[in-house]
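Please look over the sequence and the structure shown here before reading on.

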Amino acid sequence: MQELITRAKELLADGTVSRVLGWKKGDLGWDPEPAWFEKEEDLEGFVYNPFCGANLSKYLIAAGKLEGRTLVFLKPCDTYSFNQLVKEHRVKKEKTYIIGVGCRGTLDPEKVRAAGMKGIEDAAVDGETLKVATLYGEKEMPLKDALLDRCLVCKGKTHVAYDELIGAQAGEEAGPGELAGDRFAGVERLEALPPKERFAFWQGQLSKCIRCNACRNACPACSCLKCVFDSSQFDSSQKANADTFEEQMFHIIRAYHVAGRCTDCGECSRVCPQGIPLHLLNRKFIRDINTFYGEYQAGADTESRAPLTDFTLEDVEPGIVSKRGGGR
Amino acid sequence: MCECSCGGKTKTDTLIPMVGVITDIRTETPDVKTFRVVGRGGKKLFEHMPGQCAMVSVPGVGEAMFSITSSPTNTEYQEFSIKRCGTLTDYLHGMTVGEELTVRGPYGNAFPVETALKGQNLLFIAGGIGLAPLRSVINYVLDKRENYGTVDILYGSRSMDDLVQLKEIQEVWMKTPGVNVYLTIDREQEGWDGHVGFVPSYLKELEFATDKTVLVCGPPIMIKFVLAALGEMGFEKTQVYTTLELRMKCGVGKCGRCNIGSKYVCKDGPVFRCDEIDELPPEY
Amino acid sequence: MYQMKKDRLTELFQAISGTKDLFLPLRKCDQTNYGLWTPEEVFDLETLKTVKSAKDCFFPQSEVLYRCKTEDGKISIDPQKLCDRPFVVFGMRACDVKAVEVLDRVFLSEPVDTFYAARREHGTIVSLACHEPEETCFCRNFGVDAAASGADVETWIIGDSLYWKPLTEKGEALTESLQAVLEAADGEASACEAEETVAREQEAIRGVIEKLPFSHLDLSRFQPENTMELFDSPLWEELYKPCLACGTCTFVCPTCQCYDIRDFDSGKNGVQRYRCWDSCMYSDFTMMAHGNLRTSQMQRFRQRFMHKLVYYPANNDGLYSCVGCGRCVSKCPASLNIVKVIKKLGGEA
Amino acid sequence: MQVEHTEFRPKIVAFCCNWCSYAGADLAGSSRLAYPADVKIIRVPCSCRVNPMFILRAFQRGADGVILCGCHPGDCHYTTGNYYARRRMTLLFSMLDYLGVEDGRTRVEWVSAAEGVKFSATMNEFVAKIHELGENVRLEDLRCKN
């Protein structure tokens, strides 16, 4: 972490960047907040630990409107979002200076706290173990029990956009954990259920929705200035969970709007106050796109056409859904 | 009052509206129409005081707060002068006489016509559709002429065609003794032989004596410059009243969106004395 | 004071739900929220904080105000029936109980909100003391006693027993109807014993509360007379930065009461005019046809906290519109919360 | 309220592209080819005009089945519209299936202006399928129900 601070100070001092976008220590040890630093001395409050789950790329839309370049610390996943934003002309690469930071998985504070950790001050990953510094001394727990769901199935440690790397090497393996790389297991499990059970699963999950819009607002792909849900004419209102249909409509549409653009950064599920596994909707689209139209990873580059703004003459017919056993 | 199917069994919430019928529509300007509304039985919907507002709504389209432009002394109906600028107002402008809408109110405070304004010389300053709330006061004052001193009305608009209530101004107000009306438009226009210029500058030209209580309403930018001009002319802030407008949903200070600091425009306003506004955060 | 074994809770709930609706913290899909209890539901009294507060029981997230139909140009209005069925909310924590007082001040002031008033009239609150307050709790700052809520009935779960103490007329009436399940302490000695057990528990709770990291915030600067100074503070620009403009803090907050009124046009069933919670964090909150007066997220962010800490107290005898439940502390996606605001603007950090 | 137990009459919404399928429906009509009156046709300029939200909205408002008809791939009046529609609908239908909505309530069929027979056959088939599935309850909005 000290290395990051030193480097940030250097870049501020030599005028390469005008500000630094990183994380600041919170009051409780497990709640670092995204923060903007403009002066070298402010950086004393900088922190980077496994609790820094927030994907900072979305803030770059705001940063792009400011004078000068912004230094941003991005984890491997976050760089995909960055590329996607560049592709959609929301963020300018030349206004940004990216330091790719190493990641050993980010933590779910609720899981850590539920494991009985009280008075958390800091946390560090040591192999498969999470070491937590607490008011009551050093404690340990298995890392896999503390990771956010998205990190359990880590899609890789490769930074796809960066100006320099600190604490990370190009081509690192996904991990930790035995599930790493297996992003679609959850989707497949659901697909294997009978429709009735799938329906019950989603009805239960989506009826928890309190329509806080955290999923939308945290999502780096949701960068529209005016969202479809903000319209008063729309049938699924942005802030009322009035009917079960509306829950479905809201979430199908939200997922659909980012289909082909979602990089699977997992922010939606991380921020959901009700713990709805929203990534299962996004990953369904990703998986379908992969099977129907060929492997595609949004944000892997800044040029390729998104699957929904593209086609081939030989595309599968919608009837494929039934043919391959829809309604199983 | 309640015309619902409950048969008067439940106490009606203030959020439940009454049905109103449009009995007259006057086209004032290309984008302002004045709607005359009564209850279904043909009677006035409710009693109000000058400056108060009501929530007018078309089910399925929207609901918004409008100031009541008719005077309380009118015993037959209420009138709303409405400028076309959004979804609801757009719809209202397409309505015809005999159609129904819903109204609830009256909401908010009123100009202190029976207290602080009584016996005073009055100066009304309005810009554009800002005449709507002041018209209520002006007609109230004219109907109770003996209670008030001199009346001066300064009214300006973008163009001749944008002067609201021109007929009433010319035929009633201008002919009432002791009432002086000053009209102005922003730019020269064929067929206009009156004053040309913005309201604040005309105000300074007119050099009113400071023995008046001033009531101002208009677009925010006009209010800003009028207040500055009044200050230069020697008026105290306590002599000036204005009426504000913010986004409202409930009209009774509960939905939480029309506050300026700790004051709710729908409940504590819309009429404020200018020295009161000065104590509020500048968020209006 | 009454006492019963914890393992008979279901019996107690069955007795209550026999004549009234019973709202309990229910475990559904890995989260705990208040909901209508039926014997098939799993209740969860262990989780300290439900995701949403009990606000829903009195001021639901969305409720229909009236239905309108337009036929042959004639509008008919059919107001929603008011709540007329008695209900009990069991398990509310002291902070949520205090929050009801905050809501009361808004909805029961003239003109009374009849929808809310009807629910308040028919609802009986049974609170449950916080056996183990967490580090996110800061209710002490707002005069909340986590060990004694002052609700209609206060309860404590200590060891394998539930202790039940009615405080108000409503509480007494509910207790009366549950005589068959609740056991009055037998004889003077055991009554004394129960009182002592509860007193020890209360002392323990208060002891923990004193030691929590956020229990001693300095609120002294949040006074109506400092409105302008606080409003103009340059610190807002710094504080709001991470805010994503979602409504999580607002919707999990037990005291946020802003609402929106919207229409749903169902076609043949006419128009439903309903109200739903709204958040001052949303950009359309103050949007008017001619523009928006709070154009930046900083202004919206400032509005939320100024309202809780300055505007609301100015209108309500100094009562803050925050009860220190700490939900925003654990739920904000950007780790922003009212504690950070209080510390920064209050001069502590 | 009077409750009548009558035979289930499904409500079917058919989005038809202006250039091919609508003309196909027209041809079916003028050729006196029968298809159930339960099918309500909504004419759209092109199959790719159909936003996935339209499909959901139709279900919300009480449709029991929604079918989209457009020009055959390669024949789009706007050259490529139906190719985009094809991808969109494939993903949407797959998602609806994933959410547990009965497969078969949604369908896409390419019908040219000359295929009146195909139009009527498709509709007969689709209506029969919806009859089999019964009333739509998984994608309904209670506020729009009686």
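What follows is a walk through chain B of a predicted model.

Where the two meet, domain 1 of chain B contributes 15 residues to the contact, while domain 2 of chain B contributes 14 residues. On the side of domain 1 of chain B that touches domain 2 of chain B, at least two residues come from strand 1 (18-29) of chain B, and at least two likewise from strand 5 (78-83) of chain B. Sorted by class, that side of domain 1 of chain B holds eight polar, five nonpolar and two charged residues.

The second topic is a helix pair. In general, two packed helices are described by the angle between their axes together with the distance between those axes. For helix 4 (residues 199-206) of chain B and helix 5 (residues 220-233) of chain B, the axes come within 8 Å and cross at roughly 20°. Because angles under 35 degrees count as roughly parallel, helix 4 of chain B and helix 5 of chain B are therefore roughly parallel to each other. Their crossing, that of helix 4 of chain B with helix 5 of chain B, is right-handed.

At the level of residues, helix 4 of chain B brings B:Val199, B:Pro200, B:Leu203 and B:Lys204 to the contact, and these meet B:Met222, B:Phe225, B:Val226, B:Ala229 and B:Met233 of helix 5 of chain B. By class, this contact between helix 4 and helix 5 of chain B comprises eight nonpolar residues, one charged residue and no polar ones.

Key:
Residues are numbered from 1 along each chain as its sequence is written. Chains are lettered from A and ligands numbered from 1 in the order in which they are written. This is a predicted model: local features need pLDDT of at least 70, side-chain atom pairs count only at pLDDT 80 or more; totals for chains, interfaces and linings use all residues. Axes are lines fitted to C-alpha atoms, for helices over the stretch in contact, and angles run from 0 to 180 degrees between N-to-C directions. Helices (H or I, at least four residues) and strands (E, at least two) are DSSP runs, numbered from the N terminus. Angles under 35 degrees count as roughly parallel, over 145 as roughly antiparallel, 65 to 115 as roughly perpendicular and the rest as oblique. A crossing is left-handed if the near helix is turned anticlockwise from the far one by less than a right angle, and right-handed if clockwise. Two residues are in contact if their C-beta atoms, placed from the backbone, lie within 7 Å. Ala, Val, Leu, Ile, Met, Phe, Trp, Tyr, Cys and Pro count as nonpolar, Asp, Glu, Lys and Arg as charged, and the others, Gly among them, as polar.
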